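Please examine the sequence and the structure shown here before reading on.

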Amino acid sequence: MKILGLESSCDETAAAVVEDGRVVLSNAIYSQIAKHRPYGGVVPEIASRNHVAKLPGIIDEALEAAGETYDSIDAIAVTYGPGLASSLLIGFSAAKTLAQRLNKPLIGVNHHEGHLHSVFMKEDAPTEDEVFPMLGLMVSGGDSSLIMMRGVGQYEILGSTIDDAAGEALDKGASVLKLGYPGGPIIQKTAEGGDPQAVRFPRGLESVDRGKWIYKYDRNLCFSFSGLKTSLLTHVKNLDHEPEGQELSDIAASYQEAVADALTMRVERALDQFDIKSFSCAGGVSLNKVLREKLTALSEKTGVPLLLCPPSLCTDNAAMIAGAAYEKVRLNKATEEPNDVNPNLRLENWQ
Ligand code: KG4
């Protein structure tokens, strides 16, 4: 089954064709980073206007690269939340119109579900029987959470950030260091050759405090990055000069280390606490080299297999949306078409 996926939840305008949930026939993305860079973050008005301008061309590109046409695809999948309302609406309206005009099913997909599915979208990916129950670390610019997946379409959020997301912490850190936007890749580059132990930045909610809950989550499995950002700001203010050269690399390496450590620490706690067959990491921040190394080392130490998504599918893309949609079709759960976008859509069980 070939599904055309559309994604426009933030600042990537994307379309892709995926066969049977795993084989990526095309993955077209227009990244708006250059448009938002002067503002140091995503400007919703600029994002939605660019989705309007670019989406038709990106859909054509995805179909052409896959060697498909509107007639030959079997269904259309679209992100309907969470994300920026004005951005989601562009992809959603396009998908709904196409589905009606072509008389093909429309499958609504949760953006986070797409990220979580992306680790299965490679040739050597294991089957569901081999991986569940699985722990997912979802780390993007807008969200950081630990999710227990007992099967396809079964989600239990174990912990979440109580303030900034990991990607947001990197973006804000890069802004404090005047490195540019988006912060994750620039901090990684600046950190090369730096000493990750040069500055001891906080890991947020670091101490183990059993029996305490934040909202409905175990405090030990929650993240907090706002103190880290403030600590960086204070560190830089206390210097009597702008950091550069080796000093800048040391600060960037220490900051990146704190983010990667904070994330890995919670994964380790969850692996200790629950009976888990495998764990995964997805979302834009999962591209981070240090985080990948730390998670790989944790997998070797615990013997619990780690699934990472292919680099091309870590940041926002439509292939993961088409892939996740296929799971709903395969399990006969793609029955209700969404009527509207939901910017605050939560991960919910559909199995
Ligand atoms: O998943 P994504 O494309 O968008 C959201 O859904 O939010 O993730 C974007 C985030 C940004 O915060 C960016 O700084 C971060 O992913 N990112 C990275 C790297 N590449 C992108 N963070 C750390 N290291 C990277 N190499």
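The shell around the ligand draws on two domains, with at least three residues from each of domain 1 (2–117 + 313–330) and domain 2 (132–308); these bounds come from an automatic or database domain assignment. The model is predicted, and local features need pLDDT of at least 70, side-chain atom pairs count only at pLDDT 80 or more, and totals for chains, interfaces and linings use all residues. Residues are numbered from 1 along each chain as its sequence is written, and side-chain values use heavy atoms, with hydrogens and water left out.

There are 21 residues around the ligand, and G141, D171, G184, G284 and D316 come nearest; a residue is near a molecule if one of its heavy atoms lies within 4 Å of it.

Helix 4 (111–117), helix 6 (166–176) and helix 7 (183–191) each supply at least two residues of the shell. The largest share, four residues, comes from helix 7. Helices (H or I, at least four residues) and strands (E, at least two) are DSSP runs, numbered from the N terminus.

Polar contacts are pairs of N or O atoms within 3.5 Å; within protein, one must be able to donate a hydrogen and the other to accept it, and residues adjacent in sequence count only if both atoms are side-chain atoms. A polar backbone atom of G141 lies 2.8 Å from an oxygen atom of the ligand, and a polar side-chain atom of H115 is 3.4 Å from an oxygen atom of the ligand. For Q188, an N or O atom in the side chain is 3.2 Å from a nitrogen atom of the ligand. On its own the ligand has 560 Å² of accessible area, of which the protein covers 88% (Shrake-Rupley method, 1.4 Å probe).

The backbone also deserves attention. Most residues other than glycine have a negative phi, and most peptide bonds are trans.
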